[in-house]
Amino acid sequence: GYMMAAAGAGDYHASVGHLLTHGIFKALLFLGAGVIIHVFHTNDMFRMGGLFARLPWTGVAFLVGTLALAGIPPFPGFFSKEAILAAVLNGGFRLPFVMLALTSLLTAFYMFRAVFLVFFSRAHGHVDGHGVPLAMDGVCRLLAAVTVVYGVRLAFGGHHGEAPAWL
């Protein structure tokens with residue numbers, strides 16, 4: 001939706017930029033969800049909890065993805081969503097701007113709710129004793145590092161008025 005809004009507002013760079021950033025942190029979140037489901041043998045978040053104490057690296061990686069998706073600076077989702085919101089507002093599309101801003105807040109709410117339920121609430125279910133294979137956990141760690149580095153690059157890599165630093 002954000003990418004189409006940017007394209008509709010006439011900002012190709014913001015649209016493609018969000019496609020790239022979103023692809024990175026959303027892949028991290030989907031793979032992180034796979035790790036969580038692997039550990040709990042369920043995808044019912046209400047039967048989970050306490051995972052951060054057991055798998056802190058997975059928790060950190062999932063939190064990085066959540067912060068990026070929620071649009072928290074200096075993570076890359078902030079810069080790509082900000083560019084889209086600016087394009088929509090500068091194009092005079094006030095109602096779509098409000099709708100996009102509200103959906104961003106709702107996204108932050110439901111993602112942080114998921115983080116708290118899975119990683120920081122009281123443990124409700126059985127946690128698999130054999131842990132997470134390195135192939136699963138390693139990719140999440142790598143994507144979390146790419147997300148952080150990319151966000152820092154965007155934070156310090158461009159000047160106002162130039163093409164976005166991700167292109």
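**A helix and its surroundings**

Mentor: Apart from neighbours within four places in sequence, Thr 21 is in contact (heavy atoms within 4.5 Å) with Pro 76, Ser 80, Tyr 150 and Leu 154. The model is predicted, with local features requiring a pLDDT of at least 70 and side-chain atom pairs a pLDDT of 80 or more, while totals for chains, interfaces and linings use all residues. Residues are numbered from 1 along each chain as its sequence is written, and side-chain values use heavy atoms, without hydrogens and water.

Thr 21 belongs to helix H2; helices (H or I, at least four residues) and strands (E, at least two) are DSSP runs, numbered from the N terminus. Thr 21 counts as buried because its relative accessibility is 0%. Here buried means under 20% relative accessible area, exposed means over 50%, and partly exposed lies in between, with a 1.4 Å probe and protein chains only.

Pro 76 and Ser 80 are themselves buried, as are Gly 77, Phe 79, Lys 81, Ala 83, Ile 84, Leu 85, Ala 87 and Val 88. Which helices do the buried residues of H5 pack against? They pack against H1 (2–8), H2 (12–40), H4 (56–70), H6 (94–120) and H7 (134–157). After H5 comes Gly 92, with a positive phi near 85°.

H4 is mostly covered, with 11 of its 15 residues buried, including Phe 62, Leu 67 and Leu 69. Their cover includes H5 as well as H2, H3 (51–54), H6 and H7. Just after H4, Gly 71 has a positive phi of about 80°.

Helix H7 also contains Arg 153. At 45% relative accessibility, this residue counts as partly exposed. Arg 153 and Pro 74 are 79 residues apart in sequence, yet their C-alpha atoms are 9.1 Å apart in space.

We may now turn to the whole chain. It has seven helices and zero strands, and its C-alpha trace spans about 55 × 30 × 20 Å along the principal axes. Of the 167 residues, 41% are buried. Among contacts with a separation of 6 or more, 77% join residues 24 or more positions apart.

Confidence should be kept in view. The chain averages a pLDDT of 89, and 90% of the residues score at least 70; pLDDT is the predictor's confidence in each residue, from 0 to 100. Over residues 159–167, however, pLDDT stays under 50, and the model has 18 contacts beyond four places in sequence for that stretch.
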